Amino acid sequence: MSYRNLLGIRNLEPSDIATLIQMASSFKERVNRGENTASPTKHVIGLLFFEGSTRTRVSFEQAAHYLGHKVTNFASQGSSMSKGETLKDTIETLRYERLESLVMRHPASGSAHLAARFFGGPIINAGDGQHEHPTQALGDALTISEKKGSLSGLRVAIVGDVLHSRVARSNGWLLSKMGAEVRFVGPRTLLPSNLSLFPGTAHYDLLSGIEGADVIMCLRLQRERMRQGLVGSEGEYRRLYQINSRTIRYAERDCLVMHPGPINRGVELDDIAADGAHSTIRNQIENGIFVRMAAFEWVFGNVPTASSQKSTAKRGKK
Amino acid sequence: MRTLLKNGRILDPSINMDEIGSILMEDDQIIAVGADIDGSDCEEIYDCSGLWIAPGLVDLHVHLREPGEEHKETITTGTQSAAAGGYTTICCMPNTNPPLDKPELIDYILDRAASPEAGGVFVAPVGALTVGLMNERLSDLHALKKAGIVAASDEGAPIQDAALMTQAMELCVQFDLPIMAHCDETSLSANGCMNDGATNAMLGLKGMPRSAEEIMVMRNCLLSLHTGCQLHVLRVTTWGAVEMIRQAKYLGAPVTCEICPQNFILTDDMVGDFDPRFKTTPPLRTTVDIDILLQALADGTIDCIASDHSPHAAYEVDVPFEEAPFGMVGLESTLGLTLTHVTHKGILTPLETIRKLSTAPAKLLGLDAGTLQPGGTPVAQICVIDPDLDWTFDVSRTFSKGKNTPFNEVRLKGKGVLTFCGGEIYRDAQFNPDRYETFDLD
């Protein structure tokens, strides 16, 4: 069987990204028109979440539902993992349970690559540690391209805890590969100290970082960062990095304000930024379903031939 | 029984000898070395023309894993691996389970190493500096010394408390024990799994900053300077740490240090897409570090080359990168890697290479090794090297239980082909025992 893995954005070609966004956009139209979007091939997909998630898991379930795939859930609680089984053994077990694809979220960076080594079928990374979260970035890209027409040439500021964020990495790779200018904005303690292999530039000052931005992506600030001493206080962060009615004026008039959720209201964003005309937070959630439909079909090799991009499927087990 | 190793290039750094000649052994002893040796009455003759004859190699930094982690390595497999790598004397690190903090455990190691199944090399145990390596109170260093340890170490559990390290150094001065220090300021490196730089930022892995290593190297060097305790810094990896050690030596501190092949060959970007075979502590650094480390090796700031042989079971390595254990196996690749990446590149002469791999490490811990001179060691310790042998390192054919190394299937130039420790303990398939017959016609 010919299949692909979706482990991250970093190793994708721009043409792959364009195909995925195009497929997602087409699924969205068809679902909204009430058309049948059933996949030409039906598969049994395992959802493996070793970390809590509501929206991402529901979104994958919805995507599978629209495509007519069967989904089986597997959580680390109450599973063999809690009895000391290694991740490799769990992955191999699920392979011989005849699951055809795995969607996996795991707290360790690189765990999706490990799963891909041992599964022998498509792996979709639903977030691995602080490394990548490719379907989030694809959903965000669909949202931006709906609002702005194209990604190329846009100025995008990714604001907040970049160091610990898989969303920042995947979005940074995607946007820079598609020709956008990416700026990472945050305190020195929350940006990597060496960005030479990172898809964007560093800005420690919010206002210069978002100046002229077409898109502002806020990242969630975990309370743990305050306990670790990486941020002095929530108040300090709010004062220096919050997107609100005052700071947003430094960006373009029609800029988008995005957030992967869940939001700490009053910290990363105020109510006006979160709920106002700039906000795309609800579109992001909805679009998450359609890019995950695209992701399923793309990994299974069901890419429409109408697409101008030639399929570059890897054959057999990697 | 008399044995002759004839017509080799004799490299003996203990007397700066580099000349073509032969070595005559009577039973397990070297009785003559030089150009004009009459070997006419020898029962066994090895023709060594085109080969180097060096003192058996000495590795100050080996994890034999026994007791407690026999699934990774045993004293038997580890010493066999050492013999195959050209080593005749190795130091085993104390971070076993339980750690080597009691004389009975030292007796056990020495017994096991002397058993007939073992590889036939000398094992010099390194004791745990603190009880259980818990860094709360010091081990009974006097009793450990009497039992046979050659040094004490905090390997695997670097002592953070400067007062505790000072006390350890004071007692080690009194008992004439060098300290082998694992230098890591763990408040900076905690949960880190690779060098803090561009690659870990890209991969979303927590970094181990170079300052974590350098701060602890500096602290330990200063404590060594002020207490007079002999300090051996394990595994130097950064240019900053080299400069700290250079300065400490300049100030007269009794400090030495080692480097491992991975740290002068590999860089952090080679971790690629999370390959756990590249995970070491201190971690792989950058090409800038490698340049300075190699200079420091040549100018003598770095005293010796060690393997940091760290075997693990396959299932322990097939896990997400951040959960994988640190280290790689090295006993059977260190000589080949050093010859390929240092000697053949002209960074060290053959004589200086052997000094870093044998004479210098033996001397700095006072081990009976590292020389070819008659009576210089209790029994003959010899490593015969084919410096030009092209070979591929195949980890599936190694003696070590651990197969964790990024050097598998790497092409190398130069290999140990014969090892003697008393008698012959290793003969490589590439060494033809009959080759002398085609030459020995005069």
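This passage describes the interface of chain A and chain B and one helix pair within chain B. The structure is a predicted model, in which local features need pLDDT of at least 70 and side-chain atom pairs count only at pLDDT 80 or more, while totals for chains, interfaces and linings use all residues. Residues are numbered from 1 along each chain as its sequence is written, chains are lettered from A in the order in which they are written, and side-chain values use heavy atoms, with hydrogens and water left out.

Chain A contributes 24 residues and chain B 17 residues to the contact (heavy atoms within 4.5 Å). The two chains bury about 1600 Å² between them, 59% of it on carbon and sulfur atoms; buried area is the accessible area (1.4 Å probe) that two parts lose on being put together, summed over both. In chain A, the most area is lost by Arg10(A), Ser109(A) and Leu197(A), together 29% of what that side buries.

Three salt bridges are found across the interface (a side-chain nitrogen of Lys or Arg within 4 Å of a carboxyl oxygen of Asp or Glu). A salt bridge joins the side chains of Lys88(A) and Asp318(B), at 3.7 Å from N to O.

Within chain B, the axes of helix 7 (residues 210–227) and helix 8 (residues 239–250) come within 8 Å and cross at roughly 10°; axes are lines fitted to C-alpha atoms over the stretch in contact, and angles run from 0 to 180 degrees between N-to-C directions. Helix 7 of chain B is therefore roughly parallel to helix 8 of chain B (angles under 35 degrees). Helices are DSSP runs (H or I, at least four residues), numbered from the N terminus. Residues making this contact include Val217(B) and Met218(B) of helix 7 and Met244(B) and Ile245(B) of helix 8.

Definitions and conventions: Helix = DSSP H or I, 4+ residues; strand = E, 2+ residues; numbered from the N terminus. Parallel < 35°, antiparallel > 145°, perpendicular 65-115°, else oblique.
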